[in-house]
Amino acid sequence: MEFHLIELPKLPKELRKDCSDIELWAKFINAEKKEEFDMLAQKNQYIETAYERLQAISLDKEKRLEYEAREKALLDYNQTILEAEKRGEERGKERGEERLNNLYAFLIQDKRFDDLERSTKDKDFRKQLMLTYGL
């Protein structure tokens, strides 16, 4: 994955013959006149597709509203997933702590102090103990 930082105001005014796709996209983003969009669309098929979609969205109010609704739905969905993941992580953390506390309580109650110490260092042994105690 590559990241490119392009300062749009510093783009050269004239389009070079050997300019890269990144420079074409930067010019497309920075374009203000229809002629600029048309010229860039002729140079790159992906820019042409983007320009066609931009025109469709710009001309038709209903399509623009559909586009905005779709974008809002995607943002809402992503936020919902993020919040659900955070809640799930918190619940998992709480349950894990509860299981450990219960295991340690059982080991102390059974006076298995050596196993208690070992369980703090040996993950496989701790899992075996949790199965033993039904945790």
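Which residues are exposed on the other side of α2? I will come to that after a word on the model.

This is a predicted model, in which local features need pLDDT of at least 70, side-chain atom pairs count only at pLDDT 80 or more, and totals for chains, interfaces and linings use all residues. Residues are numbered from 1 along each chain as its sequence is written, and side-chain values use heavy atoms, with hydrogens and water left out.

Now α2, which is residues 34–43. Helices here are DSSP runs of H or I with at least four residues, numbered from the N terminus. The buried residues of α2 are F37, L40 and A41. Buried means under 20% relative accessible area, exposed means over 50%, and partly exposed is in between, with a 1.4 Å probe and protein chains only. These three residues cover an arc of only 105° around the axis, so they sit on the same side of α2. The arc is taken from the directions from the helix axis to the C-beta atoms. On the other side of α2, the exposed residues are E35, Q42 and K43, which answers the opening question. The cover over the buried residues of α2 includes α1, residues 21–30, and α3; contact means heavy atoms within 4.5 Å.

Next, the aromatic residues. The structure holds four aromatic pairs. Rings of Phe, Tyr and Trp (its six-membered ring) pair if their centres lie within 6.5 Å; planes under 30 degrees apart count as stacked, over 60 as edge-to-face, and the rest as tilted. F28 and F37 have ring centres 5.4 Å apart and planes at 80°, so this pair is edge-to-face. F28 is buried at 10% relative accessible area, and F37 is buried at 13%. Ring pairs also link W25, F28, F37 and Y51 into a cluster.

F106 and Y133 have ring centres 5.0 Å apart and planes at 5°, so they are stacked. F106 lies in α4 and Y133 in the segment after α6 (123–132), so the pair ties together parts that are 27 residues apart in sequence. F106 is partly exposed, at 31%, while Y133 is buried, at 18%.

Last, α3 and α4. The axes of α3 (residues 45–59) and α4 (residues 61–109) come within 5 Å and cross at roughly 110°. Axes are lines fitted to C-alpha atoms, for helices over the stretch in contact, and angles run from 0 to 180 degrees between N-to-C directions. The two helices are therefore roughly perpendicular, a term for angles of 65 to 115 degrees. A56, I57, S58 and L59 in α3 meet K61, K63, R64 and Y67 in α4.

Methods. Angles under 35 degrees count as roughly parallel, over 145 as roughly antiparallel, 65 to 115 as roughly perpendicular and the rest as oblique.
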